[in-house]
Amino acid sequence: MTHVDLPASIRPTWLDSARLMPALQIRNTHCDALVSLQGAQLLSFRAAGQKPLLWLSEQAAYLPGKAIRGGIPLCFPWFGPHAADPQKPAHGFARQREWTLWQAREQADHTALAFRLSDDDATRALWPHAFVATLTLTLGATLSVTLQVENTGSTAFRFSFALHSYFPVTDIESVRVEGLEAQGFIDQLQNDARCPAEQAAIRFSRETDRLYEGAGGYYRIVDEAGDGSIRIAAPSCHSAIVWNPWTEKTQRLADMANEAWRHMLCVECGNAGRDTIELAAGQQRAFRLQLSRD
Ligand code: TA6
C-alpha cells in the first residue's frame, strides 16, 4: 500500500472483509476522514463539531476496479463517456486504479496526503499518453483537494476531468444551488441541448444532469430543510456538473438505495466540454477544490 512513514493521525485499514481494498483512516484534532487507495478517493470527511461534508452510499460496492459511489471520485483523463469508444470506462480509469501514497505530512492545522498515479501498459491501452497525476488531500477544519497533472511524454495531450463530489442533503426538493444563475448549461438528459441561463438558483424536481461550461467556480448548496450550507470554491475549474439521479435512475443503480436520491446531490468541479485542457509535453497544471460548511 505505502512505503511512507505514517504520522499518528493516519491509520491503515480496509474497506472490505477480503482485504482487497486498502484505505486510510485519518483522525486529527480538526477532522476525521476516510480515503480509499483505489482512486485516491476521499470517501468521508467530517470537521470537528460539524455534520459530514460528503455523502457515501450505504450500498456502495467495495470491489477492486469498481467505482465507489460517494465521496469525491476523480473522473480522469476524461469526463463522461469516452468520446470515441463507448467500451472504455465512463469517467476514465483513474477512479478504478489503486494509487500510491507518495507523501503524508502532519501539520498544526491539517493532515496532508499526496497520492500518485502514472501511466502503465493498462492506462496506455485506454489512453496513449505518458503522465503523472498527483492528488493531494488537505484535511483540517476545511477540506481541499488538488489535482496536478504532468505531461511526461513528448507530445501534447488533451484531458478532461471532474472531482465528482457527492454531498448530503436533508431533502433534495428543499435544496437550492447558488452561483450558476447567470450560466447557460448543457442538459445531458436532453441530447446535450444547450440551454440558456435560468437567472435563478438551481432547484430540483426531477432527474437533473447538467454541464455548465465557463463557470466561475464559487457555488453554495443551501440545505433549506436542514441547517447551514456547503461552500464550494474551485476557480481553476471552469466546468460545473450538477447531478441528481431521482427515482427511476436510482432504482437502476445497484449501489444506491431506492430512496437515496432524496438525500444526496452532486456538484462536481472540473474542466470538461469546451473547458477541456491541453497540456504540452513537459507541462503540468494544478486544479484545486476547497469545500467547507458554514
Ligand atoms: O455526474 C454526472 C454523470 O455523468 C451522470 O451522467 C451519472 O452517470 C453520474 O455521472 C455517475 O456516473 P457513474 O459512472 O459514477 O455511475
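Predicted model: local features only at pLDDT ≥ 70, side-chain atom pairs only at ≥ 80, totals over all residues.
Residues are numbered from 1 along each chain as its sequence is written, and side-chain values use heavy atoms, leaving out hydrogens and water.

Let's start with the ligand. Which residues surround the ligand? They are Arg69, Phe79, His91, Arg95, His164, Asp209, Ile241, Trp243, Lys249 and Glu268, where a residue counts as near if one of its heavy atoms lies within 4 Å. By class, that shell has 3 nonpolar, 2 polar and 5 charged residues, with Asp, Glu, Lys and Arg as charged, Ala, Val, Leu, Ile, Met, Phe, Trp, Tyr, Cys and Pro as nonpolar, and the others, Gly among them, as polar.

Now the polar contacts, meaning pairs of N or O atoms within 3.5 Å. A polar side-chain atom of aspartate 209 lies 2.5 Å from a ligand oxygen. For arginine 95, the distance from a side-chain N or O atom to a ligand oxygen is 2.8 Å, and for histidine 164 it is 2.9 Å. The ligand taken alone exposes 390 Å², and the protein buries 81% of that; these areas use the Shrake-Rupley method with a 1.4 Å probe.

Next, salt bridges: a Lys or Arg side-chain nitrogen within 4 Å of an Asp or Glu carboxyl oxygen. The structure holds 17 of them. One joins aspartate 255 and lysine 66, at 3.7 Å, N to O. Aspartate 255 is in the loop between helix 2 (246-251) and strand 20 (264-271), and lysine 66 in the loop between strand 4 (41-47) and strand 5 (74-75), so the pair ties together parts 189 residues apart in sequence. Helices (H or I, at least four residues) and strands (E, at least two) are DSSP runs, numbered from the N terminus.

Finally, the backbone. Phenylalanine 76 and proline 77 are joined by a cis peptide bond, with omega about 5 degrees. Histidine 91 has a positive phi, near 70 degrees. Thanks, everyone!

Notes
Polar contact = N/O pair within 3.5 Å; in protein donor to acceptor, adjacent residues only side chain to side chain.
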